[in-house]
2 protein chains.
Amino acid sequence: MRAADPLHALGEDPGPVCRCCEADDHSVCASLTPDGLRGLRVIRGNARIGAQDAVFHEGEAAEAVYSLTSGTVKLSKLLGDGRRQIVGFVFPGDFFGFDAEGTYPYTAEAITPVGVCRFSTGRLAQLRSQTPELERLLFERLVADLALAQEQMLLLGRMTAREKVAHFLLTLSRRAVRRNDPASPVALPMSRQDLADYLGLTIETVSRTITQLKRDGLIGLVRPELVDLLDVAALRRVAEGGGSD
Amino acid sequence: MRAADPLHALGEDPGPVCRCCEADDHSVCASLTPDGLRGLRVIRGNARIGAQDAVFHEGEAAEAVYSLTSGTVKLSKLLGDGRRQIVGFVFPGDFFGFDAEGTYPYTAEAITPVGVCRFSTGRLAQLRSQTPELERLLFERLVADLALAQEQMLLLGRMTAREKVAHFLLTLSRRAVRRNDPASPVALPMSRQDLADYLGLTIETVSRTITQLKRDGLIGLVRPELVDLLDVAALRRVAEGGGSD
DNA sequence: CGGCGCCATTGCGCATTGTCAATGTGTGGA
DNA sequence: TCCACACATTGACAATGCGCAATGGCGCCG
């Protein structure tokens, strides 16, 4: 149960206090006016969740929406025979758990220990109707999520293993920068299995591809879960279908 | 330019009048109160677009959001070397063209002749802020689209060719039923190439797989673009990873 | 009425990726 | 300190799906 916790070493250990609605610039809460913020604070609940534990499961009744305050969460869908697809990684400031049909369309599991804010769907719905500003911000967030999902569809359907991995590393780097983390030693809080399930590959192919990129001098492995982007330009060329690179 | 127009024969020929905001139950407009509806009518523009023509292109400034009134539209993303991924098909009543970054994240092209309603982003934004009901409906729609995209990610990343095709046919059938069309002879308004680009396969693999399903008695081809679902239960088993079926 | 052209289908050889299995590596516990 | 376990890496082989090319079918145009 107690898995390696690479993020601990990287200073993303969840602090003792829920930082919901006090997070960085990219958080929905940070864009709210004091009034809207107050509303959110009133209806929110906090929770700390251990690494590898689930926030909710695919198919369960969707009773709450969550906002991540610290750590990393993975969202995954299962096929009957156990095949798994990770449909997204959640970083601090992101919302997850929205749903149209009354049941969660995916399982949400903590990769590292995480802190979340919990908003019961009912109370959030009420607050949303009273706070157009909040509704609007959530909408923007959702549009961005959809664009991200579509980008991932392009990756899953049309990229080679090498392109997938390069693209993924660059995306992680970009997201790190937006959280004011350094662009280059990129942390991979997720396991190789998670990576494979996100990129539509097997764990072995992921491993081999990373080794290949390392051998070609595009990246360096500080540790298995900490990657140096040595040649970003070349990585970018690979990610865009640059063939030989 | 004048391509085959299978939908014409299927009674989905766009009528002489834009039916926007008069569409079926599943349209956003149909759920609006008379007041909200009036607002939408006021700001909308109409357009008819010929088969194979683009509504807008990936990367263009996003100046408007669209609602489809008749026909079928495909949404696609391109890789530098021409590889293409279709990220969604749009049917009457659906909205498309939302964006977070100021530019469209995909290209929208008419598969058949289509009719659309056009809402300039500016005016729609204003109306949305005045009509919480509308904002809420668009939000629900977006959540559903996101769930659909995630389902497609599972398909693209983890399903075999056979499973992909079976899943696709069943999905089309379900969507047809929701539009009050028959479940079984399912119309495929899109070309084999579009199908391949949607399922992350090549045109040849799609063709071979369809032939295989036909040989196994699960489907029948009335015409290449009209498929009989002969054994829905078996198809369902295949789509869920039923292995041998 | 015949030919041309587009799209779908089929055949065949090949490559990328998956599968199965063994070997390394690093961390925590005895 | 050593062992055990989990995870990552590497290797050998198989298979699914791809690429290229030829054939077939159908509608449009001359």
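Let's start with Arg128(A), which sits in helix 3 (residues 121–130) of chain A; helices (H or I, at least four residues) and strands (E, at least two) are DSSP runs, numbered from the N terminus. This is a predicted model, where local features need pLDDT of at least 70, side-chain atom pairs count only at pLDDT 80 or more, and totals for chains, interfaces and linings use all residues. Residues are numbered from 1 along each chain as its sequence is written, while chains are lettered from A and ligands numbered from 1 in the order in which they are written.

**Around Arg128(A)**
- Arg128(A) counts as buried because it has 23 C-beta neighbours inside 10 Å; the cut-off for buried is 20 or more other C-beta atoms within 10 Å, against 12 or fewer for exposed and anything in between for partly exposed, with C-beta atoms placed from the backbone.
- Setting aside residues up to four places away in sequence, Arg128(A) touches Leu134(A) and Glu135(A), where contact means C-beta atoms, placed from the backbone, within 7 Å.
- Leu138(A) is ten residues from Arg128(A) in sequence, and their C-alpha atoms are 9.1 Å apart.

- Chain A carries eight helices and eleven strands, and 46% of its 245 residues are buried.
- Take the contacts in chain A between residues at least 6 apart in sequence: 72% of them join residues at least 24 apart.

**Where the chains meet**

**A helix pair in chain B**
- The axes of helix 6 (residues 192–199) and helix 7 (residues 203–215) of chain B come within 8 Å and cross at roughly 100°; axes are lines fitted to C-alpha atoms, for helices over the stretch in contact, and angles run from 0 to 180 degrees between N-to-C directions.
- The two helices are therefore roughly perpendicular, a label for angles of 65 to 115 degrees.

**Near the DNA**
- DNA strand D is surrounded by 18 residues, and the closest are Arg192(A), Ser207(A), Thr211(A), Thr160(B) and Thr205(B); a residue is near a strand if its C-beta atom, placed from the backbone, lies within 6 Å of it.
- Helix 7 of chain A gives the most to the surface near DNA strand D, with six residues.
- DNA strand C also has 18 residues around it, with Thr160(A), Thr205(A), Arg192(B), Ser207(B) and Thr211(B) coming nearest.
- For DNA strand C, the largest share of the surface, six residues, comes from helix 7 of chain B.

How values were computed
Contact = placed C-beta atoms within 7 Å. Parallel < 35°, antiparallel > 145°, perpendicular 65-115°, else oblique.
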